[in-house]
Amino acid sequence: MTPTPRLTLALTTATLMLATTLYGTTTAHADDDPNDPPGTETSASAPVEVDPNDPDLKIPDGATLAQAKVLDIKTVVEEQSGDERREDTNTSVTLALQAEVLFAKNSAKLGAEAKSRISGIAEEIKTQNATRVRVFGFTDNLGSSAHGDVLSKQRANAVHDVLSQALNDADITYEVRGYGEQYPISDNSTEAGRKKNRRVEITFPRTGS
């Protein structure tokens, strides 16, 4: 996908990934009872073994090292327009498209520009040779929670349908869910924040060379 000018938000953080299994389901459309929050894919294994008794570590006498933990580096880049947001970690890529780019207000019908953007994401998924793809829908906190849950599922399903057609690969497993107003990425007290929260996220493992 050819990127448009982007603004690096300098949000590189080190976060400990939770060892939670997200993949393996063969769900083709949104689940009625989503229970795994986004961003909790299994981290990579420790790259090296650490000897807690190594004198070069120079720890105080009688002290021992805690068990080694793997930290995942996350880089977040967002378009200046805010229409697209990208998160890269050691293990995965997440692309968040704002709802206004994809749909009309309170609609789950995709427009022409949306299909073009989704096709671009499909090309990157092919480049990464990913066989597991998550498509999660989100809304802001305006209106009823029940309405947000339904709309976010419908929008996730719509993106999944176009994405699966573009990929045309029976070996890819999809997890498609609608989370409504859960897991906001910005402040819902402002329209600018609510716009960021109205989104569809597409996540896939970083497996390509």
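How many nonpolar, polar and charged residues does the lining of the second largest pocket have? Before the answer, two remarks on the model are in order. The structure is a predicted model, in which local features need pLDDT of at least 70 and side-chain atom pairs count only at pLDDT 80 or more, while totals for chains, interfaces and linings use all residues. Residues are numbered from 1 along each chain as its sequence is written, and side-chain values use heavy atoms, with hydrogens and water left out.

The lining of the second largest pocket has five nonpolar, four polar and five charged residues, where Ala, Val, Leu, Ile, Met, Phe, Trp, Tyr, Cys and Pro count as nonpolar, Asp, Glu, Lys and Arg as charged, and the others, Gly among them, as polar. A pocket here is an open set of points on a 1 Å grid over the protein atoms alone, where a 1.4 Å probe fits, with protein on both sides within 12 Å along at least five of seven lines, and its lining residues have an atom within 4 Å of a point. About 260 Å³ of space lies in this second largest pocket, and of its 14 lining residues the closest to the centre are Lys105, Asn106, Asp140, Leu151 and Arg198. Helix 3 (145–167) and helix 1 (99–102) each supply at least two residues of the lining, and helix 3 gives the most, with four; helices (H or I, at least four residues) and strands (E, at least two) are DSSP runs numbered from the N terminus.

Strand 8 (residues 199–205) is largely enclosed by the rest of the structure, because seven of its seven residues are buried, that is, under 20% relative accessible area with a 1.4 Å probe and protein chains only. Arg199, Glu201, Thr203 and Pro205 point one way from strand 8, and Val200, Ile202 and Phe204 the other way. Glu201 has a relative accessible area of 9%, and its side chain makes a polar contact (a donor and an acceptor among N or O atoms within 3.5 Å; residues adjacent in sequence count only if both atoms are side-chain atoms) with the side chain of Arg199 at 2.8 Å.

Strand 8 pairs in the antiparallel sense with strand 5 (residues 92–98) over seven bridges and with strand 6 (residues 132–138) over five bridges, pairing being assigned if DSSP finds at least two bridges. Leu97 stands opposite Val200, and Val135 has Ile202 as its bridge partner.

Phe204 of strand 8 is also among the residues with the most contacts inside the largest nonpolar core, which has 26 residues; such a core is a set of buried Ala, Val, Leu, Ile, Met, Phe, Trp, Tyr and Cys residues joined through side-chain atoms within 4.5 Å. Helix 3 gives the most to this core, with six residues.

Key. Buried means under 20% relative accessible area, exposed over 50%, partly exposed in between (1.4 Å probe, protein chains only). Grid points are joined across faces, edges and corners, and a volume is the space filled by probe spheres set on the points.
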